[in-house]
Structures are given as C-alpha cells and as structure tokens.
Amino acid sequence: MNQSRALKLLLKRGALVAAANWPVVIVQFVADTLFQALLALPIIGGVVLVMLLIGSDPAELLGMEYRQAVPAVIAALVAQPVALAAFVGALALVAGGGSILLIAVKAGTVTVLVAGERAAGAIEQPPLHLSALARTNQFSVERYTTGLRHLFPRYLVLGAILALAYGAIVGAYAAVVMGPAPISRWTGPLVVTAASAWLVAFITLVNFVYLLAQIVVATDDCRVGEALQRVARLLVVGARPILGILAAILGLMALSTAASVLATAALGL
C-alpha cells in the first residue's frame, strides 16, 4: 500500500508540475505536430513515385499512418533503386532535421520543468492551492532559451546515441526476419511475431532510458556518459517505482490507443 501510494503521489506531482508549466506543453505539442507534418511531405512524394512508376492505388497509401506508410512505400519501390534511394534520402533529410528541432525544443522544455519541480514544494499533498501552482510555474522565455543553449549540445549527443541504438535494434530485427538462409529458414510466423514483440519492448526500454538520461543531464548538469551511468544505477536501486511509472505510462498509452481505435471504428460505421 505504501509503495502504491508513493507511486500515485509521484504521478500526481509530475502531472501538476506539467500543468503548472503549460506553455512548454503547448510548445512541445506544436513541435511534435510540425515534425509529423514535415514527415508527411516525403511520404506524399513517395506515394506519387509509387503511383507514377508502379501504378498502385495512392488512396490506400495515403490512408495509412506514417509509421505504416513508410514501409509500404519502401516495399513498393524496391524494384526501382533510383526512386527508392531518392525517397529514403528525402525521408532521412526531413527526419534528421525534424529530430534536431525536437531535441532543441526538449532542451528548453526539460529546463523549465526541472525548475518547476524544484520550486513546487509538496504540491502533491492536499489541499491544492492556486498559489502552489503559481509558484510551480517557472516558465519564461529567458529560462527556456537559456536552457536550450545550455543543454542542446549534450542532448544532441544523446540523440545520436539513440539513433545508433535504433539502428542496432532494427538491424537485429531485420537480420532475424529477412536475413540470409541460415537465419531466415527459422523465421516462421511465431518467430516473426516474437521478434516484433521484442522489437517493441527494446525500443520502449531504450526510449525510457533516453528520457531518464535527459532528465539527469538537466538536473545534475553532467556529461552524457556520467548521466548514463547514473541512470543505470538508478534503474538498479529504484527499480520498483521506476517500473511502476513505466507501467503507468504504458497503460495510459494503451488506453489512448484503444480510444483512438474505437473512435476510428465508430466514424467508419
């Protein structure tokens, strides 16, 4: 019961700190939306290439989410190496530039949230007063831009490490699913399903460690290597509450995904 109550208080504190600093939440939302809009440009270009070169139905590809449309366009362009290289190059250019933008925005966002957390006091303990929210609101343009300039180089290094981790995970997945004969002959439906589940699990874990490292860099003002070491020690010492927070986040993601599926089904009917 004490562990459960502590987890609830931690989640409540985080929600209140984020709500009090609502301007950075809006900035982060706008940046994420802009990134997805930028990714749509090369995807639309890839759909046009598919339509011109192969004659596939563009409506089917445009109706997909970008996470599904990209593999579909690549699969359709495999027989056209020049077109495939142009599409992958455009997608990499936009994804790289957009990722750098998101890293810069995250540097300012985390700086403000860390300042708000330090000024919040025991905001998670009732009763909640407006004065506590006002004290927790630490957003200012000066603090945001200062944090952006101060943390951006280290966050960029973290982003590069994340990209390398993604490449290693996806490369291992591709080796299992589409590898040479000694490996691919074992890839039945069950193996592919298990590999896909492990892919999602590893990416989720890497993202979680990446976010923790961002917070440690901001709160302790340390280098990336030292931050990763502290995150590793934190995962060992405080495994239970951290896993509880991760489970709560995954639960919220599952609920939001289920709500989205239900809403889409209702609109379809």
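This is a predicted model: local features need pLDDT of at least 70, side-chain atom pairs count only at pLDDT 80 or more; totals for chains, interfaces and linings use all residues.
Let me start with contacts: of those in this chain with a separation of 6 or more, 71% are between residues 24 or more positions apart. The chain has eleven helices and zero strands. Of its 269 residues, 28% count as buried. The accessible surface comes to about 16200 Å², and 74% of that belongs to carbon and sulfur atoms.

Now the interior. In soluble globular proteins, nonpolar side chains tend to be buried together. Here the largest nonpolar core has 21 residues, and the members touching the most others are Leu-151, Tyr-155, Leu-158, Val-217 and Ala-218. Which helices each supply at least two residues of this core? They are H5, H7 (141-178), H9 (189-220), H10 (224-237) and H11 (239-268). H9 gives the most, with seven residues. Take Leu-151 as an example: leaving aside residues up to four places away in sequence, Leu-151 touches Ala-107, Thr-111, Val-217 and Ala-218.

There is also a second, separate core of 14 residues, with Val-50, Leu-84, Leu-91 and Tyr-144 among them.

Tyr-144 brings me to the aromatics. A search of the whole structure finds two aromatic pairs. In one of them, Phe-139 and Tyr-144, the ring centres are 6.3 Å apart and the planes are at 65°. Why is that pair called edge-to-face? Because planes over 60 degrees apart count as edge-to-face, and these are at 65°. As for cover, Tyr-144 is buried, at 12% relative accessibility, while Phe-139 is partly exposed, with a relative accessible area of 30%.

Next, helix H5, which covers residues 81-119. Two of its residues are worth a look. Lys-106 lies in this helix. Lys-106 is buried yet has no salt bridge. How far away is the nearest side chain of opposite charge? That side chain is Asp-32, and the distance is 7.0 Å. What Lys-106 does touch, not counting residues up to four places away in sequence, is Gln-28, Tyr-155, Leu-211 and Gln-214.

Is Gly-96 buried or partly exposed? Its relative accessibility is 30%, so Gly-96 counts as partly exposed. Between Gly-96 and Ala-163 there are 67 residues of separation in sequence, and their C-alpha atoms are 9.9 Å apart in space.

Conventions:
Residues are numbered from 1 along each chain as its sequence is written. Side-chain values use heavy atoms; hydrogens and water are left out. Helices (H or I, at least four residues) and strands (E, at least two) are DSSP runs, numbered from the N terminus. Buried means under 20% relative accessible area, exposed over 50%, partly exposed in between (1.4 Å probe, protein chains only). A nonpolar core is a set of buried Ala, Val, Leu, Ile, Met, Phe, Trp, Tyr and Cys residues joined through side-chain atoms within 4.5 Å. Contact means heavy atoms within 4.5 Å. Rings of Phe, Tyr and Trp (its six-membered ring) pair if their centres lie within 6.5 Å; planes under 30 degrees apart count as stacked, over 60 as edge-to-face and the rest as tilted. Lys and Arg count as positive and Asp and Glu as negative; His and the chain ends are not counted. A salt bridge is a side-chain nitrogen of Lys or Arg within 4 Å of a carboxyl oxygen of Asp or Glu. Accessible areas come from the Shrake-Rupley method with a 1.4 Å probe; for residues, only the protein chains shown count as cover.
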